[in-house]
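Try each task before reading its solution.

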Amino acid sequence: MKVFGQHKRATAALAAAGTLLALAACTPASTGTPAASSTSTSSSAASPQSSTTAPPSPSAEPGTSATVGALVPGFPQTLLPLMPAAKVVSSSFDKTTVPATVALVGSITAPAADVLAFYTKGLEAQGFKAVPGETVGTLPSKDFLRGDNETVNISVMETGGVSTFTIGANVAAESVK
């Protein structure tokens, strides 16, 4: 079994978070409805706010999607279920790559240890094995491996009683159906 070093785990976690944020940044913030008027008014309070949930980017390849504030359509919830009472910050899913990539960022008012315990139980029930190590520096982080090439990383940052967790997975196509 290949064991990830702390540096590789930190790099993988940051890469997953960076990729998700980059994909989310490329996603339009509105559905493209035209402005009510082409003339602007001096009152910014009168303008409506755009939704934080956006559709997949029209420029993305078919089978690739990312969104903010919701699970993307087709998100493999059996593989990575949302922890009860957690809120989705962002999610992405790319089934065009081999292995397929899935990412989820969520937040919950629960300790980091509870988040790791929830996802550890769920992943182990699906045949993933935890790789030794529970942190990268002081950040709670855990890696899982199934077979030779399916991996999942979970990292959690806890601030002010709120845990923000990032999950990145690279899995076989049949795992995300």
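Two strands pair if DSSP finds at least two bridges between them. Helices (H or I, at least four residues) and strands (E, at least two) are DSSP runs, numbered from the N terminus. This is a predicted model, in which local features need pLDDT of at least 70, side-chain atom pairs count only at pLDDT 80 or more, and totals for chains, interfaces and linings use all residues. Residues are numbered from 1 along each chain as its sequence is written, and side-chain values use heavy atoms, with hydrogens and water left out.

**Exercise 1.** Find the pairing of strand E6 with E4, E5 and E7.

*Solution.* 
1. Begin with E4 (residues 129–130): two antiparallel bridges pair this strand with E6 (residues 139–146). Here Ala 130 faces Phe 144.
2. Next, E5 (residues 135–136) runs antiparallel to E6 over two bridges, with Val 136 opposite Leu 139.
3. Finally, six bridges join E6 to the antiparallel E7 (residues 150–159); Ser 141 has Ser 155 as its bridge partner.

**Exercise 2.** Which residues do ring pairs link into a cluster?

*Solution.* 
1. Apply the rule: rings of Phe, Tyr and Trp (its six-membered ring) pair if their centres lie within 6.5 Å; planes under 30 degrees apart count as stacked, over 60 as edge-to-face and the rest as tilted.
2. This gives two aromatic pairs. Phe 118 and Tyr 119 have ring centres 4.8 Å apart and planes at 90°, so they are edge-to-face.
3. For Tyr 119 and Phe 165, the centres are 5.6 Å apart and the planes at 45°, so this pair is tilted.
4. The cluster is therefore Phe 118, Tyr 119 and Phe 165.

Conventions: Buried < 20%, exposed > 50% of the residue type's maximum accessible area, 1.4 Å probe, protein only.
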